[in-house]
Structure formats: C-alpha cells, structure tokens
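Keep the sequence at hand.

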Amino acid sequence: MDNSYQKLLSRVSEIIGGSRNDFNIFDMLGQNTRELTHSTFIAQLLNPRGGHGMNTRFLELFLETLNCNSRGYGCLSFDLEGTEVEIEKDFGVKQGKGPEAIGGRIDIYLRNKKGEVIVIENKIYATDQEDQLQRYRNSTGESSHILYLTLDGHTPRNTPINVCYRIISYKAEILDWLKKCREECTEHKNLHSVISQYMSTIENLTTDQEICNQIEESSSNIRAALQIARLADKSRYHLKKTFLEDLATKLKLESTVITHDGKELVLSTENVDWCIEWNLFFRVHSENTEQSKNWEYVYSPIDPKTTINLHEFNEPASVWLDNKDEFWKYMLPIVTQIQSNPDKFL
C-alpha cells in the first residue's frame with residue numbers, strides 16, 4: 001500500500017479512537033448539522049426562562065467556561081439580571097460596506113437589564129459572510145461581546161483585524177460548558193439525557209471536522225481519501241457477502257446460495273432468508289406468518305438494542321471483522337435458534 005494511504009488511515013483511526021456514538025436523537029432526526037437547531041438548543045440553555053428550569057445556572061456556567069478558557073482574551077463581564085435571549089435577532093436590512101456596514105440577523109443575542117450585549121455567530125460548516133462581524137459590531141455597539149463559534153475554532157475569513165471579536169469552538173468551550181451543565185442536572189433525568197445526546201452530536205461533528213482537516217492538509221491526503229472513498233462501496237459489498245458465507249459455514253448449511261437484488265444481499269435457506277442491506281435481518285418463509293410480520297432484525301446478545309450494522313460497521317459488526325471467534329461465540333447460539341424456529345423471534 002502507498003505510504004500516503006496508510007498514514008491517512010492510521011491518522012483517521014487515531015482521531016476516531018473507537019469512541020464515535022452511533023445513535024442520538026439529533027442525528028436520527030437529521031438535525032445534526034442544521035445551524036438553527038444548534039442555535040435554538042444553545043439559546044434555550046442560556047435563557048434563564050428556558051424550559052430547563054435551572055434559572056440562570058446554565059448561563060453562569062457559560063460565562064465561567066469562557067473566562068476559564070480565555071486563551072489570551074480578557075474576562076467576559078456580563079451581569080445576569082434581566083437577561084433576555086433571542087435567536088435570529090433582526091437588525092434590519094444589510095447596508096453599507098466595510099466600516100459602514102450594518103444590519104443582518106444575529107444567531108444568538110443576549111441582552112441584560114444594564115444593556116450589556118453578547119452576540120454569538122454560529123457556524124457549523126458555513127463561512128462568515130462579507131462584513132458580517134463588522135455589521136454586528138456596528139449594529140450592537142462597541143461594548144458588545146461578539147463570539148464567533150465554529151466546530152474547531154478557526155478564524156473568520158471576511159473580518160478586518162480592527163473588528164473586536166472572540167473565537168470559541170464547539171470542541172473546546174461548548175463541550176466544556178455542556179459537561180458542567182450535565183453535572184448540575186443529575187437529578188433531572190430527561191434534561192441530563194438530552195444534554196448527553198447533544199454532546200454526542202457535537203463530538204461526532206467535531207471528529208468529522210478533524211478528519212476533514214486532516215484530509216485537506218495535503219494533495220497526497222486528498223488523493224488518498226478520494227481513492228479510499230471510491231473503493232469503500234466495493235469493500236462493503238465484499239464484506240457483507242463474506243459475512244453471509246461465514247454464517248452459512250457456521251450453520252453447516254448443505255448448500256449456499258447468495259443473491260443480490262440490487263438492494264439486499266440474501267442467503268436463502270429452507271426456513272428463512274438471511275438478509276443484509278445495512279443491518280443483518282432474517283425473513284421467514286412460513287405461509288402462516290402475516291406479511292407485515294415476516295421479518296426481524298438480528299440483535300447483538302451483548303446489547304439487545306443494537307443491530308449488526310455491516311454498512312457502517314458498528315461495534316458488533318466490527319467484532320465480527322476483527323475477532324471472528326469472539327463474535328461467533330456469542331452469536332452462533334442465537335442464529336442457530338432463529339434458523340430452527342424463526343417464528344419464535346418475530
């Protein structure tokens with residue numbers, strides 16, 4: 001293998017570190033990269049009148065986190081009394097250029113009883129618009145605190161050096177803050193769970209960003225990544241087919257017929273079809289089985305809520321690839337029972 005491929009694969013493996021969370025409500029609903037969703041969630045936690053019921057505590061922890069992670073910036077002074085929080089605060093039509101630019105919508109806007117202001121410009125994958133931070137500075141006043149929030153803490157591209165703002169990141173400040181918020185609400189199970197799932201979404205996004213940064217580091221890296229991507233689907237297909245061949249051997253089937261219908265790979269047996277699209281599932285042949293109930297996913301005995309995903313290679317599928325003896329040690333009894341009496345598992 002070309003050394004550039006091996007280096008890239010090794011570096012990506014180090015970044016992921018086996019810690020990626022495969023399931024949370026934000027990812028499941030397709031909201032993980034939508035900036036408005038992130039702004040809304042963060043603003044709700046910062047709002048003393050938010051549905052969390054924690055009054056000003058989350059806002060206090062936010063300010064505490066920023067002042068601990070000052071990274072060369074002065075402490076952010078902001079009185080908590082009478083704080084109002086808005087998302088997409090409208091300052092009118094965009095007008096002017098450079099030092100005269102005004103207007104636009106601010107992602108998250110905080111203002112207290114004293115008139116002190118915090119502006120949070122939230123960027124997931126988008127870049128800043130021309131004169132964006134200059135417009136917000138002119139619209140909110142020289143004393144306002146402007147925070148430029150990105151996944152990895154990079155510098156805005158279209159902001160003059162004379163515009164005062166502070167860079168913060170999801171990877172550092174936001175995750176640190178959320179950890180503190182979660183520690184404060186251990187007795188509030190729903191709130192604790194939602195914050196944990198949101199943290200999982202951020203960890204996935206920042207990991208993805210770090211991998212993208214690694215790929216974009218050099219032309220050899222991008223060439224290697226494009227070649228790996230081209231071959232990934234071929235590897236998926238081959239590994240799914242290999243899994244079904246392995247399954248047929250373990251079940252000691254007299255004949256092995258594996259077909260591909262354009263969507264699923266299928267190992268046909270007398271009682272059931274063992275199928276893989278993304279997850280492993282079985283389909284029963286019995287005529288007495290209702291059509292709506294003739295198939296079921298195969299779940300890992302170690303974690304009954306986890307399927308065997310051979311498309312994204314979640315933990316059970318990874319165990320099969322990396323340690324087949326261990327995998328079949330706990331999976332063979334369950335697939336043998338399904339093969340002999342599939343209706344029992346529907």
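**Helix α9 and its two faces**

In helix α9 (residues 315-322), the buried residues are P316, A317, V319 and W320. They span an arc of only 155° around the axis, so they sit on the same side of α9. Exposed residues E315 and D322 lie on the face turned away from that buried side. The cover over the buried residues includes α8 (219-250) and α10 (324-340).

Some terms first. Buried is under 20% relative accessible area, exposed over 50%, with a 1.4 Å probe and protein chains only. Helices (H or I, at least four residues) and strands (E, at least two) are DSSP runs numbered from the N terminus. The arc uses directions from the helix axis to the C-beta atoms. This is a predicted model: local features need pLDDT of at least 70, and side-chain atom pairs count only at pLDDT 80 or more, while totals for chains, interfaces and linings use all residues. Residues are numbered from 1 along each chain as its sequence is written, and side-chain values use heavy atoms, without hydrogens or water.

Now the loop between α3 (35-46) and α4 (57-68), which holds H52. H52 is buried, at 13% relative accessible area. Its side chain reaches the backbone oxygen of N47 at 2.8 Å. A polar atom of the H52 side chain also lies 3.1 Å from the backbone oxygen of Q44.

Next, the cores: buried Ala, Val, Leu, Ile, Met, Phe, Trp, Tyr and Cys residues joined through side-chain atoms within 4.5 Å. The largest has 37 residues; among those touching the most other members are F58, Y170 and W177. A second, separate core of 27 residues includes L265, W274, L310 and F327.

Definitions and conventions. Contact = heavy atoms within 4.5 Å. Polar contact = N/O pair within 3.5 Å; in protein donor to acceptor, adjacent residues only side chain to side chain.
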